[in-house]
Amino acid sequence: MPEMRMRDALREALREEMLRDETVFLMGEDIGAYGGSYAVTKGLLEEFGEERVKDTPIAESGIVGVGIGAAMAGLRPMVELMTINFSFLALDQIVNSAAKLYHMSNGQINVPMVVRMASGGGSQLAATHSHSLEGLYAHFPGLKVVCPSSPADAKGLLKRAFRDDNTVIFIEHTANYGLKGDVPDDPDFLIEFGQANVLREGSDVTLVGYSGSVHQATRAAVMLQEQEGISAEVIDLRTLRPLDIDTVIRSVQKTNRAVIVEDDWKFGGFAGELSAQIMERAFDWLDAPVARVCGKDVPMPYNRNLEFAALPSEEDVVEAVLAMF
Amino acid sequence: MTSTRTRRTRSQKTIEEYLLSEQQLEDMYYYMLLSRRLNERMLALNRQGRAPFVIAGAGQEAAQVGAAMALQKGTDYLAPYYRDLGMNLVLGMTAREAMLNLLAKRDDPNSFGRQMPSHWGNSARRIVTQSSVVTTQLVHAAGIGLAAKMRKDPIVVLTCCGEGSTSRGDFHEALNFAAIHKLPVIFYVQNNGYAITSRTDKEMPLENVADRARGYGIQSAMVDGMDCIAVYQTVKPAIDQARRGGGPYLIEAKCYRLWPHSSDDDDTRYRPKAELEEWTKKDPVTTFRDRVVSEGVFPAEDLQEIEKRVEEEVREAAQWALMQPDPAPEDALGFVYKEL
Ligand SMILES: Cc1ncc(C[n+]2csc(CCOP(=O)(O)OP(=O)(O)O)c2C)c(N)n1
Ligand SMILES: [Mg+2]
């Protein structure tokens, strides 16, 4: 298995799907000659031409809307948005059209579109480029929400997204683009949606994360083992919709404690949903209330000191775990 | 800016033809040069690893300084975009403040280091804070114009964006709203040829953004944005007319982005070298200098004094700002809600 960075794994997925299915095409700002803000589409214009790799004007709502139209007409568009914050400009198209047309047409029209976007803090891009709002999209029935944490998952999940008949919101953490890992080169390598990944087995506490926060959880698990002798199980959700709650419940029934780690704001966030589901299904197994380690209630600041203060850290995770014993 | 040195001969006749005062012409050169030299120093700090991000106005100084000089300082509003350092300087930002902003220092008067650099905001100077999401400030400008009209306040709002940003819905919604209500808003588009990597011809089928004004029933003008004097002469009457209730105006300044999009960009991947060389000959700062010297407006010695002063100001500002404190982590959570 070749080793590659997540951005290269994503590109491989796009390439393979474009070769497999000629209805797949890409649209986005600066994705052509430049190869995209995070170099994911680099080289694809040269390989596939302008027909299938389209640079667009700065018009997020417009390009998502055009993507919906093309999907309704039988193509499989992938729209790249520079950041999740800019996806808000297209929120109406995503929420009121892409997510609902299938239902509203009584099953006559579906929207098989992939919308990719970057999210996450830690890169000093401040309040209108850095938020983690995967949970927001997970709120809407009709959308599938995918948030990979590793190069292999990125490839397998993105390839799977092109084989879905619904709109898939595919969210990539900026801190993960440079991550390296082994990635299968089998063109049929797919990762099914709704299958969480147990990254590390443990017996004393379950740490649940996705995308960027999985890495904080894993680092915290190592610290807990080495410094406190606490054995933490780490679960990467991989997709928020569909959600593999069964894997989480099984783990909590074993460890009796759960900490959810998320970059997003705590108030009204996905961690709250997960916590409620754990409570509903595993209340009797819990030795302590489910804990949430999340971003602070503030727009993401630019200055490094301020940004550190706003983001959850592995120390915060360790602290939350220790408070349960 | 006041000068104390002895006067040398200047051609009054030419100055009158420019419809500008001697002081204004001197200011034009000073602010354009200050903007350029600050940007150069900022990029150097970035390369030294001392400033994570720089986004600059190089090539757009004439477009910015000429337009901002047509505003009434402290009265009129500016809803700028990230390249508008030159405008901010004209409206009172100091070299030190510009450096504090770049370095996201505690005393940055724009945002305390909360925003990325070049996201300007200073309520005392009537410069409103903006999001990184392009074009959103144009709609805000229409709102400020609406408030001014409702209060019968004879102010004007100047709002800026690049040509690429005119593809967004907010551009069209702002123009339409301002046109319907005849609001005192100048929509000032700095067409610098690129939106990050996309050339203008990939962003719209028209050659001129100004042509879009007809669709909204508002007046428009195009101006050579590399010529500070022409910019002032174009923007000033539009502002005067808007102040008298004449409604909005769309002005397109044709300029050029002489540098990469930002410190994170590599423009050699998409920009032809010959094109850059061609435009470098039209550099707004050096062409202004050549013109005023050759037309006998300023003796070269006068300009050298300005140049020396600017060098010193920029050097001092950078050195000073690097020593200033960062914001403290415990202040990260401030100003989410305004308390009663
Ligand atoms: C809505 C939105 N989409 C994308 C971006 C990313 N972006 C930042 S600057 C820029 C280019 C803007 O081009 P233009 O309006 O011509 O201004 P210029 O930078 O050339 O001065 C883009 C696409 C953004 N900030 N906001
Ligand atoms: Mg531009």
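Reply: Strand β4 of chain A covers residues 76-81, and six of its six residues are buried, so β4(A) is largely enclosed by the rest of the structure. A residue is buried if 20 or more other C-beta atoms lie within 10 Å of its own, exposed if 12 or fewer, and partly exposed in between, with C-beta atoms placed from the backbone. Strands are DSSP runs of E with at least two residues, helices are runs of H or I with at least four, and both are numbered from the N terminus.

This is a predicted model, in which local features need pLDDT of at least 70 and side-chain atom pairs count only at pLDDT 80 or more, while totals for chains, interfaces and linings use all residues. Residues are numbered from 1 along each chain as its sequence is written, and chains are lettered from A and ligands numbered from 1 in the order in which they are written.

In a regular strand the side chains alternate between the two faces of the sheet. Both faces of β4(A) are covered.

Two strands pair if DSSP finds at least two bridges between them. Strand β2 of chain A, residues 24-28, runs parallel to β4(A) and is joined to it by five bridges. Within that pairing, A:Met27 has A:Val79 as its bridge partner in β4(A). Strand β5 of chain A, residues 114-119, also pairs with β4(A) in the parallel sense, over four bridges. Here the partner of A:Val79 is A:Val115 in β5(A).

In all, 28 residues of chain A are in contact with 32 residues of chain B, where contact is defined by C-beta atoms, placed from the backbone, that lie within 7 Å. On the chain A side, α4 (84-87) and α12 (304-310) each supply at least two residues. α12(A) gives the most, with five residues.

The two chains also share a ligand site: residues from chains A and B surround ligand 1, so the site is shared between chains. A residue counts as near the ligand if its C-beta atom, placed from the backbone, lies within 6 Å of it.

Methods
Contact = placed C-beta atoms within 7 Å.
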